[in-house]
Amino acid sequence: MTKIITLCTSKGGTSKTSLTASLLSYWRKNYQVAAVDADPNCNLSRWLDKGSLKDIPHVAEIDEGNLIQTIEDIGTDKDIVLVDIAGFGNQAMVYAIGISDLVIIPSRPSEDDVLEALKTKKVVENAGKLTRRDIDYQVVLTQVKLGTLVLTHTLKQFDAFNVPLFKTRIANRTIYQTSRFSGETPITAEFSGKASYEIISLAKEIEKLLNF
Ligand SMILES: Nc1ncnc2c1ncn2[C@@H]1O[C@H](COP(=O)(O)OP(=O)(O)OP(=O)(O)O)[C@@H](O)[C@H]1O
Ligand SMILES: [Mg+2]
């Protein structure tokens with residue numbers, strides 16, 4: 001059965017697209033993967049079209065009304081479909097969440113990101129009620145600077161709202177910017193690097209959650 005994973009939050013710039021491209025480039029070694037870019041800015045499509053990730057099947061779908069069909073179509077013969085959503089509240093987010101096996105909510109350690117992550121959690125819960133099933137979600141902390149006070153505050157806030165967090169934290173590393181210029185990801189640019197280690201660790205947590 002195809003596993004559909006949506007990366008979303010109503011906050012912009014939280015690493016949704018970076019995580020999507022990085023996870024795709026790791027999983028493509030062992031799985032049939034595909035991506036749907038539901039962001040009208042088409043950042044993910046531009047990235048994948050540029051470098052060594054070109055052969056990953058992907059499609060841009062900016063018409064919200066067609067999104068579910070597009071995800072189903074590209075996922076027909078795939079193990080995993082990743083859906084990258086724009087960083088603001090939109091209907092595409094609700095549709096994608098509604099058919100997902102897992103929703104990943106990336107959040108930087110900042111009060112604004114936490115508030116938007118909590119709003120997104122609410123969208124997941126409402127989509128679950130609409131579809132009459134529990135939709136799994138988990139927050140991943142991104143662009144983290146270890147040992148900072150703001151990280152401690154962020155963890156406390158998520159804990160207070162009983163938000164499930166991935167153990168893996170994605171640190172702030174310039175390789176995300178540099179590799180993107182050439183259409184690479186930390187996985188393809190520096191497989192034995194620290195950023196790759198974190199992506200692989202996140203991928204393994206997701207595999208466990210989804211019983212791969
Ligand atoms: N772990 C990281 N460390 C440092 N920079 C990062 C990291 N992840 C992403 N970035 C950078 O932060 C910026 C935003 O990242 P990205 O485009 O992945 O976020 P997004 O959530 O998809 O944004 P949008 O809401 O605009 O779609 C980019 O310049 C990216 O290179
Ligand atoms: Mg994006």
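Which residues of helix H4 (residues 91-98) are buried? In helix H4, Ala92, Met93, Tyr95, Ala96 and Ile97 are buried, where buried means that 20 or more other C-beta atoms lie within 10 Å of the residue's own, exposed means 12 or fewer, and partly exposed is in between, with C-beta atoms placed from the backbone. This is a predicted model, in which local features need pLDDT of at least 70 and side-chain atom pairs count only at pLDDT 80 or more, while totals for chains, interfaces and linings use all residues. Residues are numbered from 1 along each chain as its sequence is written, and chains are lettered from A and ligands numbered from 1 in the order in which they are written.

View 1. Helices (H or I, at least four residues) and strands (E, at least two) are DSSP runs, numbered from the N terminus, and two residues are in contact if their C-beta atoms, placed from the backbone, lie within 7 Å.

**View 2. The shell around ligand 1.** Among the 19 residues around ligand 1, those that come nearest are Gly12, Lys16, Thr17, Ser18 and Gly87; a residue is near a molecule or strand if its C-beta atom, placed from the backbone, lies within 6 Å of it. Helix H1 (16-27) and helix H7 (175-181) each supply at least two residues of this shell. By class, the shell holds 3 nonpolar, 12 polar and 4 charged residues, where Ala, Val, Leu, Ile, Met, Phe, Trp, Tyr, Cys and Pro count as nonpolar, Asp, Glu, Lys and Arg as charged, and the others, Gly among them, as polar.

**View 3. Helix H1.** From its first C-alpha to its last, H1, with 12 residues, reaches 16 Å, close to the 16 Å expected at 1.5 Å a residue; the expected span of a helix is 1.5 Å times one less than its number of residues. H1 is mostly covered, with 12 of its 12 residues buried, including Lys16, Thr17 and Ser18.

**View 4. Strand E2 and its partners.** Both faces of strand E2 (residues 33-37) are covered, with Val33, Ala35 and Asp37 buried on one side and Ala34 and Val36 buried on the other. E2 pairs with E4 in the parallel sense over 5 bridges, and Ala34 stands opposite Val81 in E4; two strands pair if DSSP finds at least two bridges between them. E2 also pairs in the parallel sense with strand E3 (residues 58-60), over 3 bridges, and here Asp37 stands opposite Ala60. From E2 the chain crosses through helix H2 (residues 43-50) to E3 in a right-handed β-α-β crossover, right-handed meaning that, with the strands pointing away from the viewer, the path from the first strand over the helix to the second runs clockwise.

**View 5. Lys121 in helix H5.** Lys121 is found in helix H5, and it counts as buried because it has 21 C-beta neighbours inside 10 Å. Leaving aside its neighbours within four places in sequence, Lys121 is in contact with Ile105, Tyr137 and Val163. Helix H5 also belongs to a right-handed β-α-β unit with E5 and E6.

**View 6. Gln157 in helix H6.** Gln157 is found in helix H6 (residues 149-160), and it counts as partly exposed because it has 17 C-beta neighbours inside 10 Å. The C-alpha atoms of Gln157 and Glu111 are separated by 8.7 Å, although these residues are 46 residues apart along the chain. Just after H6, Asn162 takes a positive phi of about 50°.
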